[in-house]
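Here is a short report on one protein chain. It begins with a single residue and then widens to the whole chain.

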Amino acid sequence: KNPYYMALGNGGHVEIRGGGMVFYKPKNWIGFRGSANYSMVLEADEERRACFKNAQIKNLGPRADATVDWGYFVARGDINISHPKSDKLTGVLGYEFYYKREESVRYKDKKLESWLGKEYDGTDFVEKLYALSDTQASNHTQAIAHRARWEMSYVHTEWLELYAGGSWSFAGKNMPREFDTHFGFHVLL
């Protein structure tokens, strides 16, 4: 019940995913890969912020139990390139499209007291309930992202490979514009 608790992962949801991948390598030094999948995130109970009907600000309120589900689609296209005279240096350039459909949010309680608490009616403090809005809670949960991806790999010896890469979300809707990098190595013993 910590108000600062951050839930990571899928929050107890189960996903069902289907998809496919194709790969075409016309030359020894270049290949093309395409993949797509759709995931259905099955409904599960979550604690969400109460979204009151006609509220001007969303996601600011007490916790409310809700049943939530959504789905998302991811498509990727990659070009795999290696050095024509050596297999020690390889790279990948790619594009990713992400689409998340609007979440379906259904509050278990249809009315709830606001975080302001009870209201004074002149003689006593009385509970004042406000209507929750499933529709307003679902607003602006659809997301779209366009992302460029890249990675380079260098095989130094048969025991050591070094790699580095990243991705850049350059356009979208209800998604952060972000830049990610990664690097690492593989060691075979």
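Aspartate 69 lies in strand β3. Strands here (E, at least two residues) and helices (H or I, at least four residues) are DSSP runs, numbered from the N terminus. The model is predicted: local features need pLDDT of at least 70, side-chain atom pairs count only at pLDDT 80 or more, and totals for chains, interfaces and linings use all residues. Residues are numbered from 1 along each chain as its sequence is written, and side-chain values use heavy atoms, with hydrogens and water left out.

Aspartate 69 is buried because its relative accessible area is 13%. Buried means under 20% relative accessible area, exposed over 50%, and partly exposed in between, with a 1.4 Å probe and protein chains only. Contact means heavy atoms within 4.5 Å. Leaving aside neighbours within four places in sequence, aspartate 69 is in contact with Val41, Leu42, Glu43, Arg101, Glu103, Ser104 and Arg106. Aspartate 45 sits 24 residues away along the chain from aspartate 69, and their C-alpha atoms are separated by 9.1 Å.

Strand β3 also holds asparagine 80. Asparagine 80 counts as buried because its relative accessibility is 17%. Beyond four places in sequence, asparagine 80 touches Phe23, Trp29, Ile30, Gly31, Arg33, Gly91 and Val92.

Two further asparagines have positive phi values. Asparagine 54 is in the loop between β2 (30–49) and β3. Asparagine 174 is in the loop between β11 (160–173) and β12 (179–187). Neither is a glycine, yet phi is positive in both.

| Residue | Phi | Relative accessibility | Class |
|---|---|---|---|
| Asparagine 54 | near 65° | 62% | exposed |
| Asparagine 174 | near 55° | 41% | partly exposed |

Next comes the nonpolar core. Such a core is a set of buried Ala, Val, Leu, Ile, Met, Phe, Trp, Tyr and Cys residues joined through side-chain atoms within 4.5 Å. The largest one has 18 residues, of which Ala50, Ala64, Tyr72, Tyr98, Tyr107, Leu112 and Leu132 touch the most other members. Two or more core residues come from each of β3 (63–82), β5 (104–107) and β10 (143–155). Strand β3 gives the most, with six residues. In soluble globular proteins, nonpolar side chains tend to be buried together. Tyrosine 72 touches Glu15, Arg17, Asn37, Tyr38, Ser39, Val41, Tyr98, Tyr99 and Lys100, not counting residues up to four places away.

Now the whole chain. Taken along the principal axes, the C-alpha atoms fill a box of roughly 90 × 30 × 30 Å. The radius of gyration is 24 Å, whereas a compact globule of 189 residues would have one near 16 Å. That radius is taken over C-alpha atoms, and the globule rule is 2.2 Å times the number of residues to the power 0.38.

Of the 189 residues, 28% are buried. Among contacts with a separation of 6 or more, 60% join residues 24 or more positions apart. The accessible surface is about 13100 Å², and carbon and sulfur atoms hold 59% of that area. Areas come from the Shrake-Rupley method with a 1.4 Å probe; for residues, only the protein chains shown count as cover.

The chain carries 25 positive and 24 negative side chains, and the centres of the two sets lie 6 Å apart. Lys and Arg count as positive and Asp and Glu as negative, while His and the chain ends are not counted. Each charge is placed at NZ of Lys, CZ of Arg, CG of Asp or CD of Glu.
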